[in-house]
Amino acid sequence: MNTLVRSLVVLQFLLVSCSCSNQTKDTTPIVVEPLTDEQLLDQVQKDALKYFWDYAETNSKLARERYHVDDTGNDAHLVTTGGSGFGLMTLLVGIERGYIPREEAVNRLTTALTFLENADRFHGAWSHWIDGTNGHVVPFGADDDGGDIVETSFLCQGLLCVREYFKDGSPAEQSLSLKADNLWKGVEWDWYTKGENVMYWHWSPNFAWIKNFKLEGYNECLITYIMGASSPTHPVSAVAYHEGWARNGSIIHPGIKYDIPVIFNYNGATGNVGPMFWAHYSYLGLDPRGLSDQYANYWTLTQNHAKIMNKFCIANPAGWIGYSENCWGLTASYTRNSDGTTGYSAHQPNNDRGVISPTAALSDFPYTPTESMKALRFFYENADWKSKLIGIAGPYDAFSPHYNWVTKRYLAIDQGTIVPMIENYRSGMLWNLFMQAPEVKTGLQNLGFSSTQHGF
């Protein structure tokens, strides 16, 4: 048989085989089982962690302020102080759950804390933004080129968790723990009172106290007073907490929304609740379970905040397309401007622009686990949205079903609350680390707090 004939015979055999195969092929559609709740929680934690692991600032290994997938408007070396604190806690969860290798994470964290040792500080406080290449301050505004005690408190919340997590570890880990301890003890919290009975947000060597921004409740700054009162080196007095933050008791508000007490006077939203991040930033480490002082039960406060936000989105008084029990959550994030461009806004009931921020519902897991799971499943499993909404580091920062709009952007302060708050729901890990710090217990007691969860 010559070569041509042999080839034709082989080809005919293959055609017959394929024909027979097609006739008997099983056409039953493949069924993909949905992820269990635990698998889905693992997935979103792994995804959000990538922001602080795969997309960290390359020199300092701290958190970049932002990351835009289209690479427009990115500042590759712009480090954010508060977001870096959230990132420290995110990496601890990654280590504990085996998402990232422990030894490599310790090396990265050592690099990050060494960078912070050499970065610009202003009476111990770091600036809001830092140049990741050299540690110098990057002005956050025209007259904001110095210390930011609020951002510093977010960072120190993370530093205390790092200290506690590694304090009994290997020599390298104990050295890392000591670095974290020294950094947090170097902050002059009392300086930021100006000698008054209240804390001030900013101080600049060039503009002094020109911004004159008092920390008065209620907003995201509770942790700043907690850290200040807990400092063994530069403490803030209890009087500053009661007179400044609590406004001599006027922080309390009798308002009720959806039959749920608001409890506090949320700044700028009297009788209603503020953006959801106010129940996140201070509580990544500070455990609200069973936590009380003369003004509130903080577990009730934070739960009520989340429940009111959920019910507001379901009620949807503005009639936005897409709001539902599965698609909800308002907080400060990127937003859609009226001309279709991307801006930034603190979304809340009195500033509802039809924009959902996934971090709001996801970081609410400790407070509203059933409602937050519905949102998580919507973000990851909704046929119309999952391919548009889930990106390289989890859910993008903001989207609007009403306008069929998604911003393919991430912000450290938004992505940074997802992993810690979900982990606090799952295991209480970061709450337990932070609350076991002896100076935190002392500071809370000095302010008049008690905790049934932690035995004081």
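Trainee: What should I know about the model before reading any values?

Mentor: The model is predicted, so local features need pLDDT of at least 70 and side-chain atom pairs count only at pLDDT 80 or more, while totals for chains, interfaces and linings use all residues. Residues are numbered from 1 along each chain as its sequence is written, and side-chain values use heavy atoms, with hydrogens and water left out.

Trainee: How many helices and strands does the protein have?

Mentor: Helices (H or I, at least four residues) and strands (E, at least two) are DSSP runs, numbered from the N terminus; the protein has 16 helices and 17 strands. Its radius of gyration, taken over C-alpha atoms, is 25 Å, close to the 23 Å that the globule rule (2.2 Å times the number of residues to the power 0.38) gives for 456 residues, so the protein is as compact as a globular protein of that length.

Trainee: What fraction of the residues is buried?

Mentor: Buried means under 20% relative accessible area, exposed over 50%, and partly exposed in between, with a 1.4 Å probe and protein chains only; on that scale, 56% of the 456 residues are buried. With contact meaning heavy atoms within 4.5 Å, 66% of the contacts between residues at least 6 apart in sequence join residues at least 24 apart.

Trainee: How many disulfides are there?

Mentor: A disulfide is a pair of cysteine sulfur atoms within 2.5 Å, and by this rule the count comes to zero. Cys161 is in no disulfide, since the nearest cysteine sulfur, that of Cys156, is 11 Å away, and Cys161 counts as buried at 0% relative accessibility. The sulfur of Cys313 is 8.1 Å from the closest cysteine sulfur, in Cys327, which is too far for a bond; Cys313 likewise counts as buried, at 0% relative accessibility.

Trainee: Why is helix H14 described as largely enclosed?

Mentor: Helix H14 covers residues 418-426, and eight of its nine residues are buried, so the helix is largely enclosed by the rest of the structure. The buried residues include Ile418, Val419 and Met421, and also Glu423 and Arg426.

Trainee: Which helices do the buried residues of H14 pack against?

Mentor: They pack against helix H2 (37-53), helix H3 (81-96), helix H10 (358-362), helix H13 (412-415) and helix H15 (429-435). H14 is followed by Gly428, whose phi is positive, near 70°.
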